[in-house]
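Reader: I would like to learn how to read helix packing in a model, beginning with a single helix and then turning to its neighbours. Could you take me through it step by step?

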Amino acid sequence: MANRLTRIYTRGGDQGKTSLATGARVPKNHIRIETIGTVDELNSLIGVTLANTDEKSTVSETLLNVQHHLFDLGGELAMDDASYTVIDQSTVKYLEEQLDQWNELLPPLKEFILPGGGPAASYCHLARSVCRRAERIMTSLCQEEDQFVNPESVAYLNRLSDLLFVASRYIVLQQGGEEVLWKPKGKR
């Protein structure tokens, strides 16, 4: 296999522009680059979550697959080409199936849950928050000018934030921890 990256720095971005996969140059603060960067940040947080979970758990297996999906999504965004899509209904369905499996094993929600319950669950909550931000930015990208965004990618991020919420609960259950329940003012 040939080396994909022979040099890490190119100096091509020193003037505040970067290249999309199509070769088009855009400002580094372009909303498409902001979306790609937020998806990358999300992927990094999922990596931190994985570093705090059991490598053999279903959570680890699923989150590793999610990392691959997010890298695919970043590539899709970098193409800026309606004919290039990687995320599809089967990718969204994968999240739904895993979400349903974990949710069946969890106690019903009676109160809102605060982020916490241990390091891995907390990182998972943080990843969920960043996922919601990525979804908001991607929605703005969809609305701006004629910017193409695969509708399945928007659905994927929406479902992923749900999965990360349920995963945080499932991690607490698997690690024998305790969820932190919200107590309204006057009840704490």
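Predicted model: local features only at pLDDT ≥ 70, side-chain atom pairs only at ≥ 80, totals over all residues.

Reader: What is found at the start of α5, and which residue takes a positive phi just after α5?

Author: At the start of α5, a side-chain oxygen of Asn-150 comes to within 2.9 Å of the backbone nitrogen of Glu-152. Just after the helix, Gly-176 adopts a positive phi of about 70 degrees.

Reader: How should I describe two packed helices?

Author: In general, two packed helices are described by the angle between their axes together with the distance between those axes. Here, the axes of α2 (residues 58–79) and α5 (residues 151–174) come within 12 Å and cross at roughly 160 degrees. Since angles over 145 degrees count as roughly antiparallel, α2 and α5 are therefore roughly antiparallel to each other, and their crossing is left-handed.

Reader: Which residues of α2 and α5 make the contact, and how do they divide by class?

Author: On the α2 side the contact includes Val-59, Leu-63, Val-66, Leu-70 and Leu-73, while among the residues that α5 contributes are Tyr-156, Leu-160, Leu-163, Leu-164 and Ile-171. The residues of this contact of α2 with α5 divide into 12 nonpolar, 4 polar and 1 charged.

Reader: At what angle do α3 and α5 cross, and are they roughly parallel or antiparallel?

Author: The axes of α3 (residues 89–104) and α5 come within 9 Å and cross at roughly 20 degrees. Because angles under 35 degrees count as roughly parallel, α3 and α5 are roughly parallel to each other, and α3 passes α5 in a left-handed crossing. The contact is made by residues including Val-92, Leu-95, Leu-99 and Trp-102 of α3, and by Ala-155, Arg-159, Leu-163 and Val-166, among others, of α5. By class, this contact of α3 with α5 has 11 nonpolar, 4 polar and 5 charged residues.

Reader: How many helices and strands does the protein have, and what pattern does it follow along the sequence?

Author: The protein has 5 helices and 4 strands, and these follow the pattern β-β-α-α-α-β-α-α-β when read along the sequence. Taken along the principal axes, the C-alpha atoms fill a box of roughly 55 × 40 × 30 Å.

Methods:
Residues numbered from 1 in each chain as written. Heavy atoms only, no water. Axes fitted to C-alpha atoms, helices over the stretch in contact; angles between N-to-C directions. Helix = DSSP H or I, 4+ residues; strand = E, 2+ residues; numbered from the N terminus. Parallel < 35°, antiparallel > 145°, perpendicular 65-115°, else oblique. Left-handed = near helix turned anticlockwise from the far one by under 90°. Contact = heavy atoms within 4.5 Å. Nonpolar A, V, L, I, M, F, W, Y, C, P; charged D, E, K, R; others polar. Polar contact = N/O pair within 3.5 Å; in protein donor to acceptor, adjacent residues only side chain to side chain.
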